[in-house]
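User: I have a model open and would like to go through it with you. Could you start with any enclosed spaces inside it, and then move on to the charged pairs and the backbone?

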Amino acid sequence: MKKILMICEYFAPQNQIAAVRPTKFAKYISAMTEDEVTVLCGEPTGDVQDEILLKDIEHVHRIIHVKSSFEFKIFNCISFWIRKFFNRSGGKLEDGYVNDAAVSQEKWLQRFLLWLMTKHFLIERKLYAKSALKTLRHATNDVFDVVFSTFGPINNLFAGMAYKKKNPKCIWIADFRDHIYSETVHPLSYKKYTEKLMTKTENSADISTAVSLGCLKALGAENSLKAHVVTNGFDEDDLVNVPEYNNHINKKFTLAYTGAVYKERKFDMLFDALRRLIDEGKIDKADLCLNYAGGYEQELMKQAKQFDLESIIKGHGFIPRKESLLLQMQSHLLILLSQNSQLIQGAMTGKVFEYMMINRPIVAVIEGDVPNSELAQVIKNGNFGICCERADKNDVDKLKTYLLSQYKHFKNGEPIDYNPDLNYRYRFSYEYLSKRIVKLIEQVK
């Protein structure tokens, strides 16, 4: 029996999509082996709990919540005032992030504050990692055989690396559920730091895993024998407690989107296709409904207004995952937003795998200037729906054809056309993915 430590920021029952990956790995690794899994994670945030993930906790040996040190809290407070001063100096913060485009190169104060924020952030995250390991020492005397740290945030990577340094015999799996650097949200100085950090990670970690090949490439690890693609996935057990919807057929042709709406991820191509079909008299606008669950309804309405489609939007706000799954099950098509550009490639949102589980056609809308994204390949290989990429000028016409075809099935009272490759789909189940993790651990000499 091995003792496994999982280091993550989000874990069940937090109602965050980022909590799903570590929770499911902990569940299935515990279930298929005799190993004990201890989870070291952040304090629960928010009032809404994920009832579905809550039942997975029973498989975990122990959950330890990090207690932030006084030193960390002081640095966190200082960070708040640095950012406030940065805004007053004329800098621009978007969604809490700042990059080189947010500062004026002529203003030395802004450039200095940008440098200071980056340095301060890294020190703050290292202090949090130090707090995490201190909390762990106070909670248990166990020495772990395997440490699985999942990025982000970056403090999990720091904690995994520090534990490996103190316990060199343990197997360290450095997992990345996202890109460690993005030009749109980080300054160039941060990129230089993460490149050095990834070299240290490659030298220290026994195994590196990432959600996509593009993510591995961004980490500079695509040619490493220790690096592997382990995507996000789905767990059909999640549907056991979702109430039946009695094969309810919506009176409207219903699309659903759950999650965030960013400026890099837009509905424009979908709305453009729908607008053209309406103007051509091929689709009745009164038949359309787009269910949205999330905290970005104003941004969605702003995008819909450009195409005179505000009336089709039905907002549900931020709802528990259980209700979100039911909303998806009651829809005809599921909308997915992503990007694939020179700056970011290999974005593989966990939402696509949740959609696979729901068994509804996926309509993926991908912004960016690079065609043939990994996400598009997955959807095509599994026959999960259609992918419309900004980089391919013909894709909006293809999307029009697809939407019209599915709309005709709806108007004729026929089932929506959906015939996925179930064998290919199983490769994205957390049961299968957890088996891969266990096998990778066994192969470490």
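**Cavities, salt bridges and backbone**

Analyst: A search of the whole structure, which is a predicted model, finds two cavities of 30 Å³ or more.

User: What volume does the largest cavity have?

Analyst: The largest cavity has a volume of about 50 Å³, and its lining is made by I7, C8, E9, L40, C41, G42, V66, Y128, A132, N155, N156 and A159. The elements that each give two or more residues to this lining are β2 (36-41), α4 (108-139) and α5 (154-166).

User: Which element gives the largest share of that lining?

Analyst: That is α5, which supplies three residues, the largest share of the lining of the largest cavity.

User: And how does the lining of the largest cavity divide by class?

Analyst: Eight of the residues are nonpolar, three are polar and one is charged.

User: What about the second largest cavity, which residues line it?

Analyst: The second largest cavity holds about 30 Å³ of space, and the residues that line it are C8, E9, Y10, A18, P22, T150, G152 and R177. By class, this lining divides into four nonpolar, two polar and two charged residues.

User: OK, charges next. How many salt bridges are there?

Analyst: The count comes to 29 salt bridges. One of them joins the side chains of E124 and R125, with an N to O distance of 3.2 Å.

User: Are E124 and R125 buried or exposed?

Analyst: E124 counts as buried because its relative accessibility is 5%, and R125 likewise counts as buried, at 11% relative accessibility, the cut-off for buried being under 20% relative accessible area.

User: What does R321 pair with?

Analyst: The side chain of R321 meets that of D238 in a salt bridge, at 2.8 Å from N to O. R321 lies in helix α10 (residues 321-329) whereas D238 lies in the loop between β7 and β8, so this pair ties together parts that are 83 residues apart in sequence. As for accessibility, R321 is buried, with a relative accessible area of 9%, and D238 is buried too, at 1% relative accessibility.

User: Switching to the surface: which residues make the nonpolar patch?

Analyst: F70, I74 and I78 make a nonpolar surface patch of about 310 Å². F70 is found in helix α3 (residues 70-88), and F70 is exposed, with a relative accessible area of 65%.

User: Now the backbone. Where is the cis peptide bond?

Analyst: The peptide bond from A12 to P13 is cis, with omega near 10°, and P13 lies in the loop between β1 (3-7) and α1 (20-32).

User: I also noticed N359 and N372. What is phi in each of them?

Analyst: Phi of N359 is near 65° and phi of N372 is near 55°, and each is a positive value in a residue other than glycine. N359 sits in the loop between α11 (351-358) and β12 (362-367), where N359 counts as partly exposed at 31% relative accessibility. N372 is in the loop between β12 and α12 (374-382), and N372 is exposed, with a relative accessible area of 59%.

User: Last one: is V242 buried or exposed?

Analyst: V242 is buried, with a relative accessible area of 5%, and its place is in the loop between β7 (227-229) and β8 (253-258). From V242 to I366 the C-alpha to C-alpha distance is 30 Å, and the two residues are 124 residues apart in sequence.

Terms used: Residues numbered from 1 in each chain as written. Predicted model: local features only at pLDDT ≥ 70, side-chain atom pairs only at ≥ 80, totals over all residues. Heavy atoms only, no water. Patch = residues over 30% accessible without salt bridge, like charges linked within 9 Å, V, L, I, M, F, W, Y side chains within 5 Å. Areas by Shrake-Rupley, 256 points an atom, 1.4 Å probe, with all protein chains shown as cover. Salt bridge = Lys/Arg side-chain N within 4 Å of Asp/Glu carboxyl O. Helix = DSSP H or I, 4+ residues; strand = E, 2+ residues; numbered from the N terminus. Buried < 20%, exposed > 50% of the residue type's maximum accessible area, 1.4 Å probe, protein only. 1 Å grid on protein atoms, 1.4 Å probe; cavity = no way out; pocket = protein on both sides within 12 Å on 5 of 7 lines; lining within 4 Å. Points joined across faces, edges and corners; volume = space filled by probe spheres on them. Nonpolar A, V, L, I, M, F, W, Y, C, P; charged D, E, K, R; others polar.
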